[in-house]
Amino acid sequence: MIQLFFQKFKESPTSLIAIALFLTGVGLITLKSINTGQEGTLFQLSFFKELFFLIPALVAFIFVFFIPRHTIHRYIYGFYGFMIILILLPFFGNEIASTYRWIDIGLPFGFQPSEFAKWIMVIALARYLSDHNLEMNHFSASIIPIIMVIIPAGIVLNQPDLGSAIIILVPLLPMLYWVGARPFHLFLIVAPMVSILTAFHWISFAIWAILMIYIIYKAKPNLVFSISTFFGNIFLGLLSPILWGMLREYQQKRILTLFNPEIDPLGAAYQIIQSKTAIGAGGLFGKGWGQGTQTHLKFLPVQESDFIISVIGEEFGFFAIFILITLFSFFIMRTLRLAYNVDDRFSSLVLVGLGTIFTAHVFVNFAMTVGMIPVKGLPLPFVSYGGSFLLSSFIMVALIMNLSIDPKDY
Amino acid sequence: MLKAANLIPQRRFVVVSGVIIMLMFSLILRFFYIQVYFHETYKKKAEVNRIRAIPLNAPRGLILDRNGEIIVDNFPTYVLTAIPGEIINKEKNFQIVSYCTGIDTTILKTNYKKYYRGRFLPARIAKDLTFDQLSRIEEHKQELTGINYIQFPERFFSEKINASHILGYVKEVDQAIIKDIKEKENYIYGDLVGWRGLEKVYENRLRGTKGVHFVEVDAYGREIGQSSDYEKENPIPGTDLQTTLLISLQAMIEKILDGKRSVVLVSLPETGEMLAMVSKPDYSPDLFTGETTVDEWQEIISNPDKPLLNRMTHGLYPPGSTLKMITAMSLMEKGRIDYSEKINCNGVYELGDREFHCWKEEGHGEMDLEQAIAQSCNVYFYHVVQRLSIDEWANACNEFGFGQRTEIDLASEAKGVVPNSSFMNKQYGRWGWSKGHLLNLSLGQGELVVTPIQMMQFINSLVMNGSAPALHVVKDKPQIKHSVDRYAHQTWKRIKKYMLNVVSSTYGTGNRANPGIPGLNIAGKTGTAQNPHGEPHAWFIGFGEKDKKQVSVVVLVENGGHGGVTAAPIAGRIFDFLFSSNENMNLAFSL
């Protein structure tokens with residue numbers, strides 16, 4: 001048994017787990033720096049808590065690494081159903097920080113089922129797309145996959161957790177593209193959302209309308225379809241400000257805060273400036289471990305989880321940031337390369353989907369700390385503090401390593 | 001199952017890889033731009049400036065009397081806060097603060113824990129700081145990173161009156177009481193919330209909206225100035241509350257009632273506005289603001305006279321003879337009484353084997369209804385009340401609002417009890433009670449209990465011929481009419497004529513309520529309510545009218561003895577105060 005494990009392990013892309021462990025180490029070192037000067041018992045300090053969370057994460061890694069791929073394939077729909085129930089559960093529990101993301105499991109920390117929804121979603125989608133020898137030339141082949149992601153994404157959005165909802169939605173596009181969907185069909189999926197968003201400013205809406213004409217012209221579908229697609233989107237765009245006006249003020253405010261938390265003056269108002277200042281002050285090599293004045297004296301809320309990059313940027317500088325981004329890029333590109341080389345379509349799709357999840361997390365997290373995009377509550381894989389996500393991340397690494405090796409012996 | 005072969009076109013692999021590499025590259029560029037290219041700018045910013053959000057507390061609305069005189073004001077005080085995430089050495093900092101202010105470190109630490117809201121939010125560690133204490137803190141500012149002071153408007157009360165039961169008080173929001181607050185999201189620890197009385201009922205109006213301003217501070221936490229990046233949001237003060245109270249009248253009554261367990265209510269029957277509301281003993285309204293010591297508290301809660309009890313709305317008393325009017329009106333309306341009918345009172349009435357006494361032992365002699373009310377003859381009423389069933393009598397009481405809340409805009413009130421036949425059955429069993437109980441009840445004794453505020457509503461109904469506006473303390477409360485419409489105009493007129501006799505005729509029990517002002521007519525009724533706790537409670541209810549201006553009064557003195565002797569003179573002083581000078585009349589009838 002143990003021998004079998006080592007054999008399988010040796011054949012797998014071990015560089016992935018090595019990177020994952022290294023990044024977790026960087027996270028722990030940073031947490032230790034944040035903890036200096038903080039008071040509390042051992043289990044109130046994030047460093048020890050994270051170290052403690054690493055144990056179940058590694059156990060889960062070994063367990064998932066060992067599950068035969070046909071078992072994963074067979075039971076994933078059941079898991080999908082179970083996952084839907086799990087993400088509904090927090091709504092029956094207590095509100096935590098006025099959201100319904102957490103399940104109280106009777107331990108001193110909560111459990112966040114939406115983290116697990118992300119990769120369960122990807123595997124379920126991979127099974128559907130690989131089982132059905134789909135004629136991806138037809139748009140209708142994409143309908144069921146769209147429904148499959150919309151349901152959990154909608155529930156999670158209501159928790160409300162826009163970040164996780166985006167992560168659940170995002171793998172759909174690359175996965176459809178990966179199995180050969182026509183780019184025009186992907187455009188059809190994305191177009192309504194863009195129409196709604198651009199409609200709030202007439203210049204952006206005009207540019208979008210011209211772009212739509214160009215894309216539809218290039219794709220050359222039949223005339224009726226072209227016209228209905230175009231005007232359908234224009235109509236949707238024109239309708240959205242009216243629908244917006246029908247919402248009550250507090251509803252509008254809630255939606256706006258979801259997309260742009262900076263509206264809340266005492267909350268995230270100066271968070272980005274604070275974060276940028278910390279990162280910028282770090283310079284090329286940083287101020288040194290435990291020396292970040294911004295980190296230790298300032299308002300850097302959620303510096304342990306979502307904004308841990310601000311601390312790293314301040315204390316270890318651009319040098320460390322560059323290494324981190326390079327490592328993440330290597331990790332993701334390696335996953336993608338494996339997806340390209342692996343023998344069966346199911347595994348390939350899972351790898352692409354998981355690669356997308358990591359990409360989205362990494363990009364959104366880094367980008368928000370330097371104000372490239374509005375603040376979204378998405379942690380950085382392995383580095384950020386958080387038990388559910390650490391566990392989830394190691395399971396994803398196990399899945400990648402497990403599914404990327406030749407299936408014949410295991 | 002897993003047989004679908006993986007046939008990915010290379011072009012698609014290249015496209016996906018390309019997108020990912022572009023995203024990652026844009027991140028590296030952005031970080032390079034901030035960390036290397038603009039490093040100097042951010043470095044300076046980090047060294048010099050830190051931005052701190054400081055909440056600006058909104059003062060609560062003032063509470064004013066009917067002529068705009070301030071009853072409850074705000075007084076700026078300073079509170080000291082600690083930002084947990086900014087404090088470097090908590091132990092040492094608390095010692096310095098303790099040295100500067102003279103406040104014990106254990107108190108500071110308790111407060112720190114009590115008001116802790118998070119690592120980057122200020123927790124209040126001390127309040128009501130003097131200027132001296134502040135300047136000493138300022139001297140040590142360099143050592144006190146993370147400790148700041150902010151202005152905090154505290155409630156400040158007029159010295160002229162207590163009115164503590166009406167005004168109520170505010171409480172500081174802490175971890176314990178935030179659970180009981182309705183709109184939790186509007187409060188943080190240390191905020192004030194109206195907890196009793198007007199402060200509670202009109203909380204939404206009195207509470208303002210908090211503001212925030214952003215200041216830049218240096219590495220020691222010293223303020224450098226306004227932040228240019230963020231705009232200041234000014235706090236919006238709460239709306240002032242104009243009450244119907246007349247502060248001078250309230251003050252006068254509070255003074256004359258001192259030392260008595262008593263209630264006095266004064267209102268304008270035409271509008272339902274309360275001019276004065278006194279419940280004694282009371283307490284100083286700033287009992288709940290400053291630092292009340294444990295001893296002070298002990299003294300108040302262990303006081304046998306219960307100063308915290310609002311006797312106006314929660315004191316339950318037998319009404320005594322003041323309810324004879326209801327019995328009389330019911331009989332008149334049903335045609336069961338002859339105004340000229342005379343009944344001989346020899347001081348005692350026998351029913352079965354029981355004896356019922358008149359308050360005048362030697363008896364009143366021959367009495368008709370008018371005299372029986374004026375002299376409050378019990379024997380007369382023992383006779384006539386038997387012409388009513390207990391339920392007829394109870395219904396009449398209920399119609400005048402007894403047994404129900406008056407819905408006056410004070411936080412809460414008691415309902416009282418009007419016993420009817422089903423109540424008596426429950427209390428004594430089907431056959432356990434008799435007519436004797438009705439005799440007692442009709443004289444306002446026994447199980448019947450009312451609150452003084454219900455009596456106010458009762459007398460106002462009499463003045464307004466049944467349609468008196470609802471009682472209220474705040475000026476612009478919508479006026480709901482409480483109407484009693486069963487009685488004929490003649491009945492109202494007659495009963496008021498009888499009540500006029502109670503005060504104006506020389507033999508009337510209430511003649512001490514008459515200050516003898518020309519043109520002022522006073523009608524009323526005294527009551528002497530027997531109770532098991534000693535001397536009877538003394539009641540007077542009545543109203544005065546001069547130049548079509550009417551004022552109604554309710555006086556209750558607990559264990560005060562005879563209503564005509566103890567309560568009526570108090571009413572007399574109130575009528576004298578209001579009607580003897582034009583100045584006071586103008587103040588009372590302004591608006």
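I looked up B:D191 to begin with: B:D191 is buried, at 8% relative accessible area (buried means under 20%, exposed over 50%, partly exposed in between, with a 1.4 Å probe and protein chains only). This is a predicted model, where local features need pLDDT of at least 70, side-chain atom pairs count only at pLDDT 80 or more, and totals for chains, interfaces and linings use all residues. Side-chain values use heavy atoms, without hydrogens and water, and residues are numbered from 1 along each chain.

I then checked the partner of B:D191, and found a salt bridge to B:K210 at 2.7 Å, N to O (a side-chain nitrogen of Lys or Arg within 4 Å of a carboxyl oxygen of Asp or Glu). B:D191 lies in the loop between β6 and β7 of chain B and B:K210 in the loop between α8 and β8, so the pair ties together parts 19 residues apart in sequence. B:K210 is partly exposed, at 31%.

Next I took B:R155 and B:E199, which form a salt bridge at 3.0 Å, N to O. B:R155 is in strand β5 and B:E199 in helix α7 of chain B, so this pair joins parts 44 residues apart (helices, H or I of at least four residues, and strands, E of at least two, are DSSP runs numbered from the N terminus). Both B:R155 and B:E199 are buried.

Last, I looked at B:E399 and B:R486, whose salt bridge is 3.1 Å, N to O. B:E399 is partly exposed at 30%, and B:R486 is partly exposed at 31%.

Terms used. Chains are lettered from A and ligands numbered from 1 in the order in which they are written.
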